[in-house]
Amino acid sequence: MIANYHTHTWRCMHASGEERAYVERAIEGGLKILGYSDHTPYPFPEGYVSGMRMRMDQLEEYVDTVLALKVEYRNEIEIHLGLEVEFYPAYFPALLNAVADYPVEYFLLAQHHLGNEIGDFYSGTVTQDPRHLERYVDQVREAMSTGRFTYLAHPDLIHFTGNSALYDQKMRELCRCAKAQDLPLEINFLGIGDRRHYPNEAFWKIAGEEHCKVIYGADAHTPETVWNPQAKNEADRLVEKYGLLLAETVPFRNPVSF
(Lines give C-alpha, C1' and ligand atoms only; values in the text may rest on other atoms or scores of the structure.)
Protein backbone atom coordinates (compact mmCIF):
# COMPACT_ATOMS: atom_id res chain seq x y z
CA MET A 1 0.00 0.00 0.00
CA ILE A 2 1.58 3.24 -1.16
CA ALA A 3 -1.42 5.60 -1.19
CA ASN A 4 -4.30 6.57 1.06
CA TYR A 5 -6.74 9.15 -0.26
CA HIS A 6 -9.26 8.93 2.61
CA THR A 7 -8.10 11.08 5.54
CA HIS A 8 -10.11 13.32 7.86
CA THR A 9 -9.41 16.26 10.15
CA TRP A 10 -10.86 17.50 13.43
CA ARG A 11 -13.17 19.87 11.54
CA CYS A 12 -15.72 17.13 10.85
CA MET A 13 -16.40 16.94 14.61
CA HIS A 14 -15.81 13.18 14.86
CA ALA A 15 -12.07 12.99 14.10
CA SER A 16 -9.15 14.02 16.29
CA GLY A 17 -5.45 14.84 16.15
CA GLU A 18 -3.40 17.48 14.37
CA GLU A 19 -3.08 17.29 10.60
CA ARG A 20 0.70 17.07 10.88
CA ALA A 21 0.39 13.87 12.95
CA TYR A 22 -1.50 12.19 10.12
CA VAL A 23 1.34 13.04 7.74
CA GLU A 24 3.98 11.72 10.11
CA ARG A 25 2.09 8.45 10.55
CA ALA A 26 1.75 8.07 6.78
CA ILE A 27 5.49 8.53 6.34
CA GLU A 28 6.15 6.05 9.14
CA GLY A 29 3.98 3.48 7.35
CA GLY A 30 5.83 3.90 4.08
CA LEU A 31 3.05 5.66 2.21
CA LYS A 32 4.12 7.70 -0.80
CA ILE A 33 0.79 9.52 -1.25
CA LEU A 34 -1.56 10.99 1.35
CA GLY A 35 -4.85 12.56 0.34
CA TYR A 36 -6.93 14.62 2.74
CA SER A 37 -10.65 14.20 2.09
CA ASP A 38 -12.49 15.57 5.08
CA HIS A 39 -16.29 15.62 5.11
CA THR A 40 -17.30 18.42 2.80
CA PRO A 41 -19.21 21.42 4.01
CA TYR A 42 -22.56 21.77 2.29
CA PRO A 43 -24.54 24.96 1.59
CA PHE A 44 -27.68 23.70 3.31
CA PRO A 45 -30.76 25.88 3.83
CA GLU A 46 -30.42 28.42 6.60
CA GLY A 47 -31.16 26.94 9.98
CA TYR A 48 -29.89 23.41 9.33
CA VAL A 49 -26.54 22.44 10.86
CA SER A 50 -25.03 19.06 10.06
CA GLY A 51 -23.29 17.27 12.91
CA MET A 52 -20.89 15.30 10.74
CA ARG A 53 -19.02 17.76 8.55
CA MET A 54 -17.00 20.95 8.56
CA ARG A 55 -18.83 24.25 8.28
CA MET A 56 -18.68 26.36 5.13
CA ASP A 57 -16.66 28.98 7.01
CA GLN A 58 -13.97 26.36 7.76
CA LEU A 59 -13.31 25.40 4.15
CA GLU A 60 -10.68 28.08 3.49
CA GLU A 61 -8.72 27.16 6.61
CA TYR A 62 -8.88 23.47 5.66
CA VAL A 63 -7.56 24.22 2.19
CA ASP A 64 -4.78 26.46 3.49
CA THR A 65 -3.69 23.87 6.07
CA VAL A 66 -3.44 21.03 3.55
CA LEU A 67 -1.64 23.19 1.00
CA ALA A 68 0.89 24.28 3.63
CA LEU A 69 1.59 20.65 4.54
CA LYS A 70 1.92 19.81 0.86
CA VAL A 71 4.75 22.33 0.57
CA GLU A 72 6.39 21.49 3.89
CA TYR A 73 6.56 17.74 3.23
CA ARG A 74 7.12 17.91 -0.53
CA ASN A 75 10.42 16.01 -0.28
CA GLU A 76 8.99 13.24 1.92
CA ILE A 77 5.46 12.47 0.73
CA GLU A 78 2.99 13.57 -1.94
CA ILE A 79 -0.01 15.32 -0.35
CA HIS A 80 -3.30 16.03 -2.11
CA LEU A 81 -6.40 18.07 -1.35
CA GLY A 82 -9.79 16.40 -1.62
CA LEU A 83 -13.23 16.23 -0.04
CA GLU A 84 -15.51 13.35 0.90
CA VAL A 85 -18.82 14.26 -0.67
CA GLU A 86 -22.37 12.96 -0.56
CA PHE A 87 -24.39 13.39 -3.73
CA TYR A 88 -27.35 15.45 -2.57
CA PRO A 89 -29.16 16.46 -5.78
CA ALA A 90 -30.95 19.49 -4.29
CA TYR A 91 -27.71 21.06 -3.04
CA PHE A 92 -24.96 19.58 -5.23
CA PRO A 93 -24.89 22.44 -7.78
CA ALA A 94 -24.51 24.95 -4.95
CA LEU A 95 -21.64 22.88 -3.52
CA LEU A 96 -19.84 22.91 -6.86
CA ASN A 97 -20.16 26.69 -6.94
CA ALA A 98 -18.94 27.00 -3.35
CA VAL A 99 -15.71 25.04 -3.95
CA ALA A 100 -15.02 26.25 -7.49
CA ASP A 101 -12.52 28.88 -6.37
CA TYR A 102 -10.45 26.45 -4.30
CA PRO A 103 -7.82 24.04 -5.69
CA VAL A 104 -9.72 20.89 -4.66
CA GLU A 105 -8.23 18.01 -6.61
CA TYR A 106 -10.79 15.28 -6.08
CA PHE A 107 -14.10 14.21 -4.58
CA LEU A 108 -14.62 10.86 -2.89
CA LEU A 109 -18.23 9.74 -3.24
CA ALA A 110 -19.71 8.57 0.08
CA GLN A 111 -23.49 8.23 0.25
CA HIS A 112 -24.06 8.39 4.00
CA HIS A 113 -27.66 9.53 3.62
CA LEU A 114 -30.39 9.07 1.08
CA GLY A 115 -32.16 12.01 -0.44
CA ASN A 116 -30.54 15.16 0.90
CA GLU A 117 -29.69 14.31 4.54
CA ILE A 118 -32.27 16.57 6.16
CA GLY A 119 -34.89 14.31 7.67
CA ASP A 120 -34.03 11.33 5.48
CA PHE A 121 -32.57 7.86 5.92
CA TYR A 122 -29.02 7.13 7.13
CA SER A 123 -27.51 4.47 4.89
CA GLY A 124 -25.82 2.59 7.74
CA THR A 125 -29.08 1.91 9.58
CA VAL A 126 -30.19 -1.72 9.55
CA THR A 127 -33.11 -2.09 7.14
CA GLN A 128 -35.07 -4.76 5.33
CA ASP A 129 -37.00 -2.20 3.30
CA PRO A 130 -36.22 -2.71 -0.40
CA ARG A 131 -36.92 0.96 -1.07
CA HIS A 132 -33.88 1.96 0.97
CA LEU A 133 -31.63 -0.37 -1.00
CA GLU A 134 -33.08 0.75 -4.31
CA ARG A 135 -32.77 4.44 -3.45
CA TYR A 136 -29.17 3.98 -2.30
CA VAL A 137 -28.13 2.26 -5.51
CA ASP A 138 -30.02 4.71 -7.73
CA GLN A 139 -28.50 7.73 -5.98
CA VAL A 140 -24.97 6.31 -6.14
CA ARG A 141 -25.37 5.47 -9.82
CA GLU A 142 -26.62 8.99 -10.54
CA ALA A 143 -23.63 10.42 -8.68
CA MET A 144 -21.14 8.26 -10.55
CA SER A 145 -22.65 9.32 -13.87
CA THR A 146 -21.75 12.97 -13.16
CA GLY A 147 -18.08 12.14 -13.80
CA ARG A 148 -17.01 14.29 -10.85
CA PHE A 149 -15.96 11.56 -8.41
CA THR A 150 -12.57 9.83 -8.19
CA TYR A 151 -13.81 6.73 -6.37
CA LEU A 152 -16.68 5.33 -4.32
CA ALA A 153 -15.91 5.10 -0.59
CA HIS A 154 -17.38 2.21 1.42
CA PRO A 155 -19.79 1.19 -1.37
CA ASP A 156 -21.24 -1.48 0.94
CA LEU A 157 -22.31 1.05 3.59
CA ILE A 158 -26.01 0.37 2.98
CA HIS A 159 -27.00 -2.05 5.77
CA PHE A 160 -29.64 -4.08 3.98
CA THR A 161 -30.60 -7.37 5.65
CA GLY A 162 -33.65 -8.16 3.55
CA ASN A 163 -34.06 -10.28 0.42
CA SER A 164 -30.63 -11.56 -0.64
CA ALA A 165 -31.61 -11.96 -4.29
CA LEU A 166 -32.64 -8.31 -4.42
CA TYR A 167 -29.37 -7.28 -2.75
CA ASP A 168 -27.45 -9.23 -5.38
CA GLN A 169 -29.44 -7.65 -8.20
CA LYS A 170 -29.13 -4.05 -7.03
CA MET A 171 -25.50 -4.23 -5.98
CA ARG A 172 -24.63 -5.88 -9.26
CA GLU A 173 -26.21 -2.86 -10.96
CA LEU A 174 -24.03 -0.58 -8.83
CA CYS A 175 -20.89 -2.58 -9.64
CA ARG A 176 -21.62 -2.61 -13.37
CA CYS A 177 -22.10 1.15 -13.32
CA ALA A 178 -18.80 1.62 -11.47
CA LYS A 179 -17.02 -0.58 -13.98
CA ALA A 180 -18.54 1.28 -16.92
CA GLN A 181 -17.34 4.55 -15.38
CA ASP A 182 -13.94 3.00 -14.50
CA LEU A 183 -14.57 4.13 -10.93
CA PRO A 184 -12.75 2.16 -8.21
CA LEU A 185 -14.60 0.83 -5.18
CA GLU A 186 -13.02 1.29 -1.75
CA ILE A 187 -12.31 -1.46 0.75
CA ASN A 188 -12.70 0.59 3.89
CA PHE A 189 -10.21 0.10 6.71
CA LEU A 190 -12.34 1.94 9.29
CA GLY A 191 -15.07 -0.63 8.78
CA ILE A 192 -12.53 -3.40 9.25
CA GLY A 193 -10.90 -1.88 12.32
CA ASP A 194 -14.19 -1.06 14.06
CA ARG A 195 -15.78 -4.37 13.02
CA ARG A 196 -18.70 -2.62 11.40
CA HIS A 197 -21.17 -4.26 9.01
CA TYR A 198 -18.84 -3.39 6.14
CA PRO A 199 -16.82 -4.65 4.38
CA ASN A 200 -19.72 -6.94 3.42
CA GLU A 201 -18.40 -10.13 1.85
CA ALA A 202 -21.60 -10.58 -0.17
CA PHE A 203 -20.86 -7.27 -1.85
CA TRP A 204 -17.20 -8.04 -2.56
CA LYS A 205 -18.12 -11.39 -4.06
CA ILE A 206 -20.32 -9.50 -6.53
CA ALA A 207 -17.57 -6.92 -7.18
CA GLY A 208 -15.14 -9.71 -8.00
CA GLU A 209 -17.57 -11.41 -10.36
CA GLU A 210 -18.17 -8.08 -12.12
CA HIS A 211 -14.39 -7.47 -12.43
CA CYS A 212 -14.51 -4.17 -10.59
CA LYS A 213 -11.41 -2.20 -9.74
CA VAL A 214 -10.81 -1.65 -6.02
CA ILE A 215 -8.70 0.68 -3.91
CA TYR A 216 -7.76 0.63 -0.23
CA GLY A 217 -8.89 3.54 1.95
CA ALA A 218 -7.87 4.12 5.57
CA ASP A 219 -10.83 6.40 6.31
CA ALA A 220 -8.54 7.75 9.02
CA HIS A 221 -10.18 9.71 11.83
CA THR A 222 -7.10 9.53 14.06
CA PRO A 223 -3.41 9.72 13.13
CA GLU A 224 -2.81 6.11 14.22
CA THR A 225 -5.25 4.75 11.64
CA VAL A 226 -3.64 6.36 8.59
CA TRP A 227 -1.50 3.25 8.41
CA ASN A 228 -3.18 0.10 9.74
CA PRO A 229 -1.34 -3.16 8.91
CA GLN A 230 -4.00 -5.35 10.55
CA ALA A 231 -6.77 -3.82 8.42
CA LYS A 232 -4.62 -4.18 5.33
CA ASN A 233 -4.15 -7.89 6.02
CA GLU A 234 -7.93 -8.36 6.10
CA ALA A 235 -8.33 -6.31 2.92
CA ASP A 236 -5.65 -8.44 1.24
CA ARG A 237 -7.66 -11.52 2.18
CA LEU A 238 -10.77 -10.10 0.51
CA VAL A 239 -8.83 -9.24 -2.63
CA GLU A 240 -7.39 -12.72 -2.89
CA LYS A 241 -10.61 -14.56 -1.99
CA TYR A 242 -12.79 -12.75 -4.53
CA GLY A 243 -10.24 -12.08 -7.26
CA LEU A 244 -10.55 -8.32 -6.95
CA LEU A 245 -8.55 -6.01 -9.23
CA LEU A 246 -6.52 -3.90 -6.81
CA ALA A 247 -5.22 -0.48 -7.86
CA GLU A 248 -2.38 1.07 -5.86
CA THR A 249 -3.19 4.61 -6.99
CA VAL A 250 -6.05 6.36 -8.78
CA PRO A 251 -6.11 9.21 -11.29
CA PHE A 252 -8.07 12.23 -10.09
CA ARG A 253 -11.21 13.40 -11.80
CA ASN A 254 -11.54 17.16 -11.58
CA PRO A 255 -14.68 17.66 -9.50
CA VAL A 256 -15.68 21.18 -10.50
CA SER A 257 -14.65 21.70 -14.13
CA PHE A 258 -14.34 19.62 -17.26
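E76 is found in the loop between α2 (59-72) and β3 (78-85), where helices (H or I, at least four residues) and strands (E, at least two) are DSSP runs numbered from the N terminus. At 48% relative accessibility, E76 counts as partly exposed; buried means under 20% relative accessible area, exposed over 50%, and partly exposed in between, with a 1.4 Å probe and protein chains only. In sequence E76 and E24 are 52 residues apart, while in space they are 9.7 Å apart, C-alpha to C-alpha. The model is a predicted one, in which local features need pLDDT of at least 70 and side-chain atom pairs count only at pLDDT 80 or more, whereas totals for chains, interfaces and linings use all residues. Residues are numbered from 1 along each chain as its sequence is written, and side-chain values use heavy atoms, with hydrogens and water left out.

Some backbone details come next. The loop between α6 (189-193) and α7 holds P199, and the peptide bond leading from Y198 to P199 is cis, with omega near 0 degrees. R195 is found in the loop between α6 and α7 as well. Its phi is near 55 degrees, a positive value in a residue other than glycine, and R195 is exposed, with a relative accessible area of 77%. D219 lies in the loop between β7 (213-217) and α8, and at 3% relative accessibility D219 counts as buried.

Attention now turns to the helices. Two packed helices are described by the angle between their axes and the distance between the axes. Helix α5 (residues 164-180) and helix α7 (residues 201-209) pack at an angle of about 50 degrees, with axes 9 Å apart. Here the axes are lines fitted to C-alpha atoms, for helices over the stretch in contact, and angles run from 0 to 180 degrees between N-to-C directions. α5 and α7 are therefore oblique to each other, since angles under 35 degrees count as roughly parallel, over 145 as roughly antiparallel, 65 to 115 as roughly perpendicular and the rest as oblique. The crossing of α5 past α7 is right-handed, meaning that the near helix is turned clockwise from the far one by less than a right angle, with anticlockwise giving a left-handed crossing. On the α5 side, Y167, D168, M171, R172, L174 and C175 meet A202, F203, I206, A207 and E209 of α7, contact being heavy atoms within 4.5 Å. The residues of this contact of α5 with α7 divide into 8 nonpolar, no polar and 3 charged. In this grouping Ala, Val, Leu, Ile, Met, Phe, Trp, Tyr, Cys and Pro count as nonpolar, Asp, Glu, Lys and Arg as charged, and the others, Gly among them, as polar.

Helix α7 also meets helix α8. The axes of α7 and α8 come within 9 Å and cross at roughly 50 degrees, so this pair is oblique too. The crossing of α7 and α8 is right-handed. In α7 the residues in contact are E201, W204, K205 and G208, and in α8 they are E234, R237, L238, K241 and Y242. By class, the contact of α7 with α8 has 3 nonpolar, 1 polar and 5 charged residues.

E201 forms a salt bridge with K241, the closest N and O atoms being 3.0 Å apart. E201 lies in helix α7 and K241 in helix α8 (residues 229-242), so the pair ties together parts that are 40 residues apart in sequence. E201 is partly exposed, with a relative accessible area of 26%.

In α5, E173 and K170 lie 3 residues apart, about one turn of the helix, and their closest N and O atoms are 2.9 Å apart. E173 is partly exposed at 23% relative accessible area, whereas K170 is buried at 9%. In helix α8, E234 and R237 are likewise 3 residues apart, about one helical turn, and the closest N and O atoms of their salt bridge are 2.6 Å apart. E234 is partly exposed, with a relative accessible area of 27%, and R237 is partly exposed, with 30%. Salt bridges that share partners also join D168, R172, R176, K205, E209 and E210 into one network.

Conventions. Salt bridge = Lys/Arg side-chain N within 4 Å of Asp/Glu carboxyl O.
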